[in-house]
Amino acid sequence: MFEIHPTALPQVAFLRAPGSRDARGGFRKLAHAPALAAAGLRSDFAEIYCSTSQAGVVRGMHFQAPPHQHAKLVWCLEGRVTDVVLDLRPGERYGRAVALDLDGAARDGVYVPEGCAHGFAVRSDHATLLYMVTSVHAPEADLGIRWDGFGFDWGVESPILSERDRRHPGLKDFATPF
Ligand SMILES: Cc1cn([C@H]2C[C@H](O)[C@@H](COP(=O)(O)OP(=O)(O)O[C@H]3O[C@@H](C)C(=O)[C@@H](O)[C@H]3O)O2)c(=O)[nH]c1=O
């Protein structure tokens, strides 16, 4: 059975996938529409992609702006990450973040609803993350908040970042499009 646990942010959920290991290797299930629907989560995915990252990498904090906003189901397939979801929805929780430790060996994942930014820091030698998103990539709407621009303590001094991720605004210089 899918484990789906609520967090401090509405619709942001920690997931643990069903699966098994035997003499051949492992098996895990990454989507089950009825289980997601029962928890009020979307499963109408339009794109699936994955990334690999080395130790010390931080990616984020990413989201797609309207009209291309999407929910994403993120699975840690290998390695360990600190996964962070930042709420950009107007309201009392605007600007709040939740952090979740995801372990690929435990088949951990996170559901990120529309209106939230997502990012992670790698805690192992390497990490592979798989994303299932409910709308296709729209480069002009693919935006971010700078990793060190919303008051979260990553416990990382000088992360390995993309050029794009260095240039995102901090939260105080940002107007939410949601
Ligand atoms: C996200 C994305 C990127 N790309 C391209 C753009 C670029 O040339 C290359 C790498 O993109 P990025 O550097 O943005 O990749 P990355 O930093 O791994 O982006 C990801 O970060 C995490 C935190 C998320 O939450 C994901 O949704 C996604 O935004 O792939 C696509 O073609 N389709 C996509 O859906």
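The structure is a predicted model, in which local features need pLDDT of at least 70 and side-chain atom pairs count only at pLDDT 80 or more, while totals for chains, interfaces and linings use all residues. Residue numbers start from 1 along each chain as its sequence is written.

We can begin with the chain as a whole. It holds two helices and 13 strands, where helices (H or I, at least four residues) and strands (E, at least two) are DSSP runs numbered from the N terminus. The C-alpha trace spans about 50 × 35 × 30 Å along its principal axes. The radius of gyration is 16 Å, which agrees with the value near 16 Å for a compact globule of 178 residues; this radius is taken over C-alpha atoms, and the globule rule is 2.2 Å times the number of residues to the power 0.38. Of the contacts between residues at least 6 apart in sequence, 76% join residues at least 24 apart, a contact being a pair whose C-beta atoms, placed from the backbone, lie within 7 Å. Buried residues account for 33% of the 178 residues. Here a residue is buried if 20 or more other C-beta atoms lie within 10 Å of its own, exposed if 12 or fewer, and partly exposed in between, with C-beta atoms placed from the backbone.

Turning to the ligand, its surroundings consist of Tyr49, Ser51, Arg59, Gly60, His62, Lys72, His118, Gly119, Tyr131, His137, Ser162 and Arg164 (a residue is near a molecule if its C-beta atom, placed from the backbone, lies within 6 Å of it). Two or more of these residues come from each of strand 5 (47-54), strand 6 (58-64) and strand 11 (116-122). Strand 6 provides the largest share, three residues. By class, the shell contains two nonpolar, seven polar and three charged residues; Ala, Val, Leu, Ile, Met, Phe, Trp, Tyr, Cys and Pro count as nonpolar, Asp, Glu, Lys and Arg as charged, and the others, Gly among them, as polar.

Two members of this shell, His62 and Tyr131, are listed under "active site" in an unreviewed UniProt entry. They span 70 residues in sequence, yet no two of their C-alpha atoms are more than 12.4 Å apart, so they gather at one spot. UniProt positions follow the numbering used here, feature names are shortened, and annotations may be inferred rather than shown by experiment. His62 belongs to strand 6 and is partly exposed, with 19 C-beta neighbours inside 10 Å. Beyond residues up to four places away in sequence, His62 touches Ala117, His118, Gly119, Asp142 and Gly144. Tyr131 sits in strand 12 (residues 126-133) and is partly exposed, with 19 other C-beta atoms within 10 Å.

The largest nonpolar core has 36 residues, of which Val85, Leu86, Val110, Val112 and Cys116 touch the most other members. Such a core is a set of buried Ala, Val, Leu, Ile, Met, Phe, Trp, Tyr and Cys residues joined through C-beta atoms within 7 Å. Elements giving two or more residues to the core include strand 7 (72-78), strand 8 (80-87), strand 9 (97-103) and strand 10 (108-112). Leaving aside neighbours within four places in sequence, Val112 contacts Val12, Ala71, Lys72, Val74, Val85 and His118.

How values were computed. Contact = placed C-beta atoms within 7 Å.
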